[in-house]
Amino acid sequence: MTKKRKLVIAVTGLNNIDSPGPGIPVVRALRECDDFDVRIIGLSYESLEPGIYMKEMVDKTYQIPYPSAGTEMLLSRLLTINDVENLDLIIPNFDAELYNFIKISDKLKDAGITTFLPSVDQLDARDKINLYSFGQKFDFKVPEDKIIYSVEKISEAVDEFEFPIVVKGKYYEATVAYTIEQAEKAFHRLNAKWGLPIIIQKFISGNEINVAALGDGNGNMISAVPMRKLYITDKGKAWAGITLQDESLIELAQQFIAVTKWKGGFELEIMRTKEGESYIMEVNPRFPAWIYLTAASGQNQPAALTKMALGEKVEPFKNYEVGKMFIRYSWDLITNIDQFQQISAFGEL
Amino acid sequence: MTALLLCPQGKLKILAMKLKSNIATSESGFVFNPATGDSFSSNPVAAEILLLLKDNNSLKEIKQIILSRYEVESSQVEKDLDDFLTHLKENNLLEL
């Protein structure tokens with residue numbers, strides 16, 4: 001029996017809530033990889049992220065500064081954590097923090113901490129704000145949109161797209177609006193939460209399908225697993241899903257990786273119309289919260305990313321199990337006030 | 001989940017049909033389309049027909065088998081089969 005490689009891996013996205021972050025599913029996949037013996041370091045932003053208290057998943061958690069605090073604060077905190085933990089790899093799992101992690105990745109490397117992330121250019125190209133022009137450039141079907149900075153501009157978009165329209169926040173959240181009043185309300189709510197601009201997108205009707213994929217940074221696809229949401233929460237999140245067999249979706253992910261030379265994990269959100277057309281609705285630049293399904297169906301993407309990050313050659317996966325399902329559930333994790341106090345007051349647990 | 005049911009009356013209009021090769025069926029009448037993620041449940045007679053289709057029986061053969069197993073008028077079987085195949089087609093389960 002070969003000896004398992006000991007690794008210390010830090011992950012963010014421990015908010016395993018009703019709109020879950022991918023952190024815990026990433027950890028679960030890493031822990032199931034037979035090649036590693038992992039110590040997991042959680043990186044949290046808030047004291048009530050459930051993953052902090054899930055000791056069978058996360059060995060130790062440190063709070064880190066919010067992305068708005070900037071790269072210097074983040075780097076300083078991570079280097080302090082590294083002095084204690086001797087990190088091998090960090091896997092960030094939030095869109096909003098990626099820019100900072102990419103910016104400091106060279107300095108992390110100097111400190112012996114590896115990352116496996118897309119470049120800032122790659123990140124920007126698939127940004128919601130640029131997605132339509134990205135689609136035009138590389139011949140992907142993307143719904144038409146308008147980027148607006150004032151509520152008055154909604155009517156112009158409506159003239160062009162007709163109702164319903166999709167009103168989307170800069171980072172997260174989207175609302176389908178059927179009237180100008182609904183659209184304006186959504187504009188103000190999303191502006192207050194995520195800031196400007198707001199994206200007004202043409203509504204595409206169909207089945208929502210997602211693809212979790214992994215690129216090696218040289219234009220090669222290591223893995224792609226398509227999943228259809230079977231049950232969607234009122235926040236638009238999958239509560240149950242099933243892996244699909246569809247070559248065209250795999251090819252779409254392959255094409256995306258080929259033109260972007262994407263490095264790392266990502267998720268394509270696709271709307272499949274009744275006519276069989278696949279529209280890319282969004283490209284999330286990190287693993288999705290359902291990423292454990294890739295491991296369960298035979299393509300452990302977090303483990304493959306880890307191997308590539310550590311310089312190992314990883315052969316592309318060829319098969320996965322079709323019809324593999326996930327169903328989320330909620331669970332009341334019990335802890336004590338001293339634990340909560342520890343993470344709140346000292347920033348580590 | 002959509003129920004596939006045999007309807008009561010009619011004539012067989014569709015002459016040759018084949019289930020898509022990737023469609024999974026079970027003896028209990030559960031149908032899964034791995035390309036779309038859709039799943040269906042069917043009643044016992046529909047389940048029999050699905051398995052007969054899966055085994056590449058022609059519609060004529062299926063009709064004869066159903067007639068030999070159940071006390072039913074030939075015209076009724078034709079209508080039921082026709083309706084059922086229309087359901088399958090609408091749900092994207094048949095080869096075009």
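How many residue pairs are in polar contact between chain A and chain B? The count is 4, with both residues at pLDDT 80 or more; a polar contact here is a pair of N or O atoms within 3.5 Å, and within protein one must be able to donate a hydrogen and the other to accept it, while residues adjacent in sequence count only if both atoms are side-chain atoms.

This is a predicted model, where local features need pLDDT of at least 70, side-chain atom pairs count only at pLDDT 80 or more, and totals for chains, interfaces and linings use all residues. Residues are numbered from 1 along each chain as its sequence is written, chains are lettered from A in the order in which they are written, and side-chain values use heavy atoms, leaving out hydrogens and water.

**View 1. Where chain A meets chain B.** Here 9 residues of chain A touch 7 of chain B (contact: heavy atoms within 4.5 Å). Together the chains bury about 570 Å², 48% of it on carbon and sulfur atoms (accessible area, 1.4 Å probe, lost on being put together, summed over both). A:Arg228, A:Leu244 and A:Gln245 supply 60% of what chain A buries there.

**View 2. The salt bridge.** There's 1 salt bridge between the chains: A:Arg228 pairs with B:Asp38, with the closest N and O atoms 2.4 Å apart (cut-off: a Lys or Arg side-chain nitrogen within 4 Å of an Asp or Glu carboxyl oxygen). On chain A's side, strands S10 (221–232) and S11 (238–243) each give two or more residues (strands are DSSP E runs of at least two residues, numbered from the N terminus).

Definitions and conventions: Buried area = accessible area lost by both parts, 1.4 Å probe. Helix = DSSP H or I, 4+ residues; strand = E, 2+ residues; numbered from the N terminus.
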